[in-house]
Structure formats: C-alpha cells, structure tokens
Amino acid sequence: MSARAVAAGGGSTALRGVVALHLGLLVALPLAALAWKGVSHGPAAFWGYVTQPAAVDALVRTLWTSALVAVVNGVMGTATAWVLVRGRFRGRGILSALVDLPFAIPTLVTGIMLVLLFGPQTALGGWAAAHGVPIAFAAPGIILALLFVTLPLVVRSVEPVLRELDPAEEEAAQTLGAGSLRTFTRVVLPPLLPAIIAGALQTFARAVAEFGSIVVVSGNVPFQTLTAPVQIFGQVESGAPEAAAAVSLVLLAVALALSFATRALRGRHA
C-alpha cells in the first residue's frame, strides 16, 4: 500500500472521528440530557407527567392539527409542484420564490403577520369571529400558521420527481383513450406517491415541533388553544423542568419515528 493511500485512509479515519465527535456533542449529548431529565424521577413520575390532563390535551391538539396540515399540504403541495413544473406562464419564478419564502421568515414574524391579518380587532378577523369562526387565538389560526411554515416541504419533495417523469407515458395513455383524470391517477400519481408521502411526513414532523408562530397566534389557552411545544415552554417557565422534559420525550419519539419512516421510504424508492 502506498504512503499516499495510507495517508488518505488515516485522514478519512480522522475526519470520521471529528464528525462523530461533532454530532455527539451537538446532537447525542443534548438528547441524552433530555432523556435523563425526563425519567430522572422514575417511570411512574414520567407517566404522570405525560398523562396530566393539560399535557394530554396539548399533545392531542398538536397531533391532530399537524396531521390535518400534512394532508392539506400533501394535496396542495402536489398541485403547486405540478403548476411550477408543467406550467409555462409569466411570473412562474415569482411563484417559486414565494414557495420558499416561509423558510426565510422567522416563525415569530409569521405569527405576528397572522394576528395582524386575522386578529379580532381587524376587519377580516372581526368579520370571521362575528360569523362564529374566529381565526386568531383559535384552532384555525394554529392551522394557518402551520400551513405557512411547512408550505415548501411537499412542493420541493415532489418537484424533482415530477421533472423526471417521461411525458411520453402520459401521451401514450391519452392516445389509448384515457382521460386526464385517469391518466393522472394511473400513470402520474404512482411514481409521485412516495415523494408526496415523504413530504407529508416531513410536514407532520415540522408542524409537531412548531413553537414561534403558534405562541403568538394561538392565545395559549389551556384546553382550548394550547399546543405541546408551548405547554413545554410554560412548564420550564413555571419551574417544572422534569415535566417539560417528559412531554418533550414524547414529541421526540414522534419526530424520530417520522424521520426513520421518511428515510426508509426514500431509500426504498431511491
């Protein structure tokens, strides 16, 4: 073995060690601290923390709003990707830039924007509240905030797959008498489905963890508009770090499960 090969191998090993140390300090060590704190008083205490009525209500609200947002983004994100890839129109670049804009805006600013638009003192928010559908400081405000911050995930997941599809297959299906809807469901949708599901899972995971926009737009009323991340923050502020860590572990388990599911899905269809 040449000296250059040995040096390259040693350099590679050293680099792997540096990367492992970096990830250990940055990711593994904080996760271990969270897990230790969450179960430091024993399994019974952990179970008590996560089954408190306020914690259960906040977790359920977080999960159902995140699931709804994942479904909506799965549909509308696919439609948006279709328009961006297959459409040829003026302003397409602006539309594409708007899709990525939520990633550039601090989530706290997102919450403020929604309150300024849909707050009870605004014309639009007041009109909605008068008709029995309050938006800000209610569940619709939470859903709108989550839809905003997760907008790009399905779009950018579906776009590259859609670009790789061969239009000749769609043309052949239409030549054989298939209508537009049948062509989409039988020819286009199957190869897109893994990307749609992966994007929806990412959306769900991102929505479960959202804090900045929700803390502004939801009103944070227990048993009405309180979500799990905001409840965790409240527990830390009130001097209950063990309870905060326990609920955090539940969210962490959900996030890890979704992350592994997304990786497995993408690996299967890579």
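**Aromatic pairs and a pocket**

Student: Phenylalanine 184: buried, exposed or partly exposed?
Tutor: Phenylalanine 184 comes out at 26% relative accessibility in this predicted model, so it counts as partly exposed.

Student: And tryptophan 82?
Tutor: Tryptophan 82 is partly exposed as well, with a relative accessible area of 29%.

Student: How many aromatic pairs does the structure hold?
Tutor: There are two. In one of them, tryptophan 82 and phenylalanine 184 sit edge-to-face, 5.8 Å centre to centre with 80° between the planes.

Student: Which parts does that pair tie together?
Tutor: Tryptophan 82 belongs to helix α3 (residues 53-86) and phenylalanine 184 to helix α10, so the contact links parts 102 residues apart in sequence.

Student: What lies over the face of tryptophan 82?
Tutor: Arginine 86 does, at 4.6 Å from the ring centre.

Student: Back to phenylalanine 211 and phenylalanine 233. How far apart are the ring centres, and why is the pair tilted?
Tutor: The centres are 5.3 Å apart. The planes meet at 55°, so the pair is tilted; edge-to-face would need over 60 degrees.

Student: Where do those two lie?
Tutor: Phenylalanine 211 is in the loop between α10 and α11 (212-217), and phenylalanine 233 is in helix α12 (residues 228-237), so this pair joins parts 22 residues apart in sequence.

Student: What is the relative accessibility of phenylalanine 233?
Tutor: Phenylalanine 233 has 41%, which counts as partly exposed. Phenylalanine 211 is also partly exposed, with a relative accessible area of 29%.

Student: New topic: backbone. What is phi of phenylalanine 137?
Tutor: Phi is about 65°, a positive value although phenylalanine 137 is not a glycine. The residue lies in the loop between α6 (123-130) and α7 (139-149), and at 39% relative accessibility it counts as partly exposed.

Student: And phi of asparagine 220?
Tutor: Near 55°, again positive in a residue other than glycine. Asparagine 220 is in the loop between α11 and α12 and is partly exposed, with a relative accessible area of 25%.

Student: Pockets next. What volume has the second largest pocket?
Tutor: About 190 Å³.

Student: Which residues line it?
Tutor: The lining of the second largest pocket is Ala205, Val208, Ala209, Ile232, Ser248, Leu251, Leu252 and Ala255. By class that is seven nonpolar, one polar and no charged residues.

Student: Which helix gives the most to that lining?
Tutor: α13 does, with four residues. α10 (180-209) and α13 (241-268) each supply at least two residues of the lining.

Note on methods: Residues numbered from 1 in each chain as written. Predicted model: local features only at pLDDT ≥ 70, side-chain atom pairs only at ≥ 80, totals over all residues. Heavy atoms only, no water. 1 Å grid on protein atoms, 1.4 Å probe; cavity = no way out; pocket = protein on both sides within 12 Å on 5 of 7 lines; lining within 4 Å. Points joined across faces, edges and corners; volume = space filled by probe spheres on them. Nonpolar A, V, L, I, M, F, W, Y, C, P; charged D, E, K, R; others polar. Phe/Tyr/Trp six-rings, centres within 6.5 Å; stacked < 30°, edge-to-face > 60°. Buried < 20%, exposed > 50% of the residue type's maximum accessible area, 1.4 Å probe, protein only. Lys NZ or Arg CZ within 6 Å of the ring centre and 35° of its normal.
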